[in-house]
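Here's a quick tour of a protein chain for anyone just getting started with structures. Have a look at the sequence and the 3D view first, then read on.

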Amino acid sequence: MTTRSVIARPTETGYTGIYVHHDGYPSGRLPLLLAAYQHRFARDIEAMRIHLIDHVSIAWDELGTDLLDGTPKSLLKQLTGGERWPSREMNDIITSDGLPPERQVITEANSGDLSWGYVLHPVGVEVISLYAADRGPIIDWNTDPRTRFSDHPYLWLPGQPVPAFKPPRTTPAPAAPAPTSPAARPATHR
């Protein structure tokens, strides 16, 4: 699904980043970014920024499960249902003047046609609903990637609680103690 977004790094005035054409909703993008940071990039924010922003020729068509390399298999299955697909750069762009396409650098000044922004800060990823605001809340990098995030743009406003639900429990709840046999119970007095 085409939900246009930007993956960016912070600057003094806002952010600068690269265009991503597909699947920009928080419910899909945040689990991917959180798991990639925690596992594939081993919590190295600069390595993640270089890969996602600097090493892209023009723009991303789609971010894929290759960003989840190194993720435990059980988490990978929970996030993707076991499916795998590669990240793809845009390489089929034809310009109206016949010149080679230019790199799609996005800043706060030219992001008006996009739906979502994801700014990779050292402490977490800032989620900006570009429909509603020019800033957004920051999701801590330690957040469980299985957390379920809302896709409603007006819930992602600065100063508001993060619109998310805790991840489902993956380990069974401790079993309740077995009832004792009637003979072992103390007698009640009447």
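**The big picture**

Among the contacts in the protein chain with a separation of 6 or more, 57% are between residues 24 or more positions apart. Keep in mind that this is a predicted model. The chain has 190 residues, and 42% of them are buried. It holds three helices and 10 strands, and if you read along the sequence, the pattern goes β-β-α-α-β-α-β-β-β-β-β-β-β.

**How the strands pair up**

- Let's start with strand E1 (residues 2-10) and strand E2 (residues 15-22), which run antiparallel and are joined by seven bridges.
- To get from E1 to E2, the chain makes a hairpin through four residues.
- Three residues make up the hairpin between E6 and E7, and Tyr118 sits opposite Val127 in E7.
- E7 goes on to pair with strand E8 (residues 138-140), in the antiparallel sense and over three bridges.
- Here, Gly124 has Asp140 in E8 as its bridge partner.

**A strand tucked away**

- How many of the six residues of strand E7 (residues 124-129) are buried?
- Six of the six are, so E7 is largely enclosed by the rest of the structure.

**A helix with a buried side**

- Helix H2 (residues 45-54) has these buried residues: Ile45, Met48, Arg49, Leu52 and Ile53.
- They cover an arc of only 100 degrees around the axis, which puts them on the same side of H2.
- If you're wondering about the spacing, an α-helix has 3.6 residues a turn, so residues three or four places apart point the same way.
- What covers the buried residues of H2? The cover includes E1, E2, H1, strand E3 (60-62) and E6.

- Ala42 isn't a glycine, yet it has a positive phi of about 45 degrees.
- You'll find Ala42 in the loop between H1 and H2.
- Its relative accessible area is 57%, and being over 50% is why Ala42 counts as exposed.
- Arg43 isn't a glycine either, and it has a positive phi of about 65 degrees.
- Arg43 is also placed in the loop between H1 and H2.
- With 41% relative accessibility, Arg43 counts as partly exposed, because that value lies between 20% and 50%.

**The largest pocket**

- How do you find empty space in a structure? Rolling a probe the size of a water molecule over the atoms shows where it is left.
- The largest pocket holds about 210 Å³ of space.
- Its lining has 13 residues, and those nearest its centre are Gly28, Arg29, Leu32, Leu79 and Trp85.
- Helix H1 (26-40) and helix H3 (73-80) are the elements that give two or more residues to this lining.
- Which element gives the most to the lining? That's H1, with four residues.
- Sorted by class, the lining of this pocket has six nonpolar, four polar and three charged residues.

Note on methods:
Residues numbered from 1 in each chain as written. Predicted model: local features only at pLDDT ≥ 70, side-chain atom pairs only at ≥ 80, totals over all residues. Heavy atoms only, no water. 1 Å grid on protein atoms, 1.4 Å probe; cavity = no way out; pocket = protein on both sides within 12 Å on 5 of 7 lines; lining within 4 Å. Points joined across faces, edges and corners; volume = space filled by probe spheres on them. Nonpolar A, V, L, I, M, F, W, Y, C, P; charged D, E, K, R; others polar. Pairing = 2+ DSSP bridges. Buried < 20%, exposed > 50% of the residue type's maximum accessible area, 1.4 Å probe, protein only. Arc of directions from axis to C-beta. Contact = heavy atoms within 4.5 Å.
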